[in-house]
Amino acid sequence: MSGHLRIMSMLAALCALQAAAQTVSTLGTPGLIDMPTAEVFEDGEVALTTLRFGGIQRNTATVQIFPRIHGSFRYAIIDDFDQGGARDRFDRSFDIHFQIADETPRSPALAVGLRDFAGTGLLSSEYIVATKTVGRAKLTGGLGWGRLAERGSFDNPLGLFAERFETRPSAGAGGISTTGQLDFGLYFRGPMAVFGGLDYQVTDRLSLQVEYSSDAYAQEEDRDVIDIESPINLGMNYRFPSGSNVRAHLIGGTEIGLQYTYLFNPKRRPIPGGREGAPLTVPDARAARLADLPPGARETQAAARAALVPLLAEEGITLEGLSLERREATVRIENGRWDVEAQAIGRTARVLANVLPAGIESFTIVPQTFGVANTAITLNRSDLRELQTDFDGAWKSLARARIEDAPEAGRAGEVPGLYPELRYGIAPYSAFSLFDPDQPVRIAAGLELSLGLSPRPGLSFNALTRYPLVDTIEEASRRSDSVLPRVRSDAVLYALESEFEINQLYGQYLFRPGGDLFGRVSAGYLETMFAGLSGEVLWSPNEGPLALGVELNYARQRDFDMLFGLQDYDVVTGHASAYYDFGSGYLGQLDVGRYLAGDWGATFSLDREYNNGFRIGAYFTLTDVPFEEFGEGSFDKGIRFTVPLSWITGEPSRGAVSQLIQPVLRDGGARLSVPNRLHGVTRSYRAQSLAKGWGRVFR
């Protein structure tokens, strides 16, 4: 080992310029080749990595959750690993990495990390690592435990403080766990080993890596998955301007691998300015279309409505109500286009300024969802004209605006012909089943028909039906072995026994019981597996980070054909929920109550939401179901993300692509899936959320 370190030191001595951004390891995190570095990505950045070497394929998503912390979810396919080489292993693992100290001119960056801390245990390891830049090179050295102590290990000095650190318990039978438990008693225990390496920046885009690896791939080599002859790994990485990284590496002296990584930051739209058309200019009030009409006259109201409806429709905004007084206009709108709600407010205000009589000085805009009022945003007409070209006009206008709660306003000034409203649509759909041990990805795809009828504000009747044209989910041969009521684990039976599917068929009423209060009642076939009755009340102050809600449901399990039949199983469920906005886009949620299998517990969630609507989050649920009764995975957990279509295309849209990634689907901690839970429906128009996107109010 000393010879290898001397070679690395000699290479480092040749370096003279500042090193560029870090490379991505085969584990999908900042690193050399297999070994980690003490670096982190840019705050908020996402790295998607796929690679193949020997009989191993790894696919990893890493998110820089906080400036110093990144987390990873990895899905690996290892050829001929299980059952004496007769079966591939589909392995799931989670990592967490915390940078303790930044690099300075005198000292290295320092970090600590856990690999596979909540997976099967195949990669279970911990490390402490330091990285220092020397000209064009970055030197890394570290200490590893578990998997990172398979080569050149020595006694753990932490054993001087407690004997338990001298030995490392098995991560499961045969050293491999399939439970996904958090093995707190495992971390930093047992022998440890040294690893290290060098990353040399040849050009701005090309870099070379060499490392001494303390991972001997012992289990993979025992099963003839990979051949390791040397502790030295070599790599070559090329970075494209688009964010793509292509890499070749030689692992263990024999195994050649290829790797692709795509890095992007959700903070930045691929098309920064967007492709929306330019907004109307705010004219002098005397140049407005109805400038000379008296504001309070009945004929003025009719003329204003006739002019506003088509102009707002061109902006993707529906006028639902209009009231004109001597100095103030109040409009109720529904935003059908703009994913940044403040932009819809700005577009509406510009249209009002171009139409309404000169005597009207203030505009109060009330955004509504399902016909239910949310907030009231009041803007001065003179401020709009003054600030529309000001460099800092958006934030100055926010300081001058008034944003208040808007309790139920009744139907005064409602646009004639708005109700009853019929909605319908037909489109292709796709649904995924992930991480089946026999097949990692299964898909169903076909046509989807949606219908909706709203007889009056807040009240709607909705249907969603699907006809699958392709369905590999039903080919799954595994059947549930759950000892709990099978409220989710029989999902394959729903795919197998259904053709034409009635996914949802329900009535819903949303209302405002009081100031800062929202209410919802839903009844019918609420989701694919359950029908029932659901009621919810949400207290959401217009200003402030905290919202509280309570929900009560009676649910009955549906027949597997997803038509009108019901099974015998029924349950009363409910949760008390707390939502907290920590600022900087971090949203926390705690739900405490009873789940579909009758178990009691809590779900903890943390999401990061960017100003453009891109959202990444994770959750876990712990209930009174013991790990062994829960089954594979031990407890419910998952990762979720939402990508706005506008982020992808640059065109304004309220559409989004959402996906929940669950390592396993079991029955413990399963919650009823109710359409339009109140916090998700109402939050974006409350004052704190509006302010986050106010920078686009004049766009």
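Here are legends for a handful of close-ups of this predicted model.

**View 1. Helix H4, residues 341-355.** With 15 residues at 1.5 Å a residue, H4 should span 21 Å, and its end C-alpha atoms sit 22 Å apart, so the two figures agree. Most of this helix is covered, with 14 of its 15 residues buried.

**View 2. The cis peptide bond at Pro420.** Going from Tyr419 to Pro420, the peptide bond is cis, and its omega is near -5°. Look for Pro420 in the loop that links strand E18 (402-405) and strand E19 (421-436).

**View 3. Asp80 and its positive phi.** Asp80 isn't a glycine, yet its phi is positive, near 50°. The residue belongs to strand E3, which covers residues 69-82. Asp80 counts as partly exposed because its relative accessibility is 40%, between the 20% and 50% cut-offs.

**View 4. Asp224, with a positive phi in a loop.** Here phi is near 60°, again in a residue other than glycine. Asp224 is found between helix H2 (218-222) and strand E10 (232-239), in the loop. Its relative accessible area is 71%, over the 50% cut-off, so Asp224 is exposed.

**View 5. Arg106 in the loop between strands E4 and E5.** Strand E4 runs over 87-101 and strand E5 over 109-115, with Arg106 in the loop between them. Is Arg106 buried or exposed? At 83% relative accessibility, Arg106 counts as exposed. For a sense of scale, take Asp559, which is 453 residues from Arg106 along the chain: the C-alpha atoms of this pair are separated by 67 Å.

Terms used:
Residues numbered from 1 in each chain as written. Predicted model: local features only at pLDDT ≥ 70, side-chain atom pairs only at ≥ 80, totals over all residues. Heavy atoms only, no water. Helix = DSSP H or I, 4+ residues; strand = E, 2+ residues; numbered from the N terminus. Buried < 20%, exposed > 50% of the residue type's maximum accessible area, 1.4 Å probe, protein only. Expected span 1.5 Å × (residues − 1).
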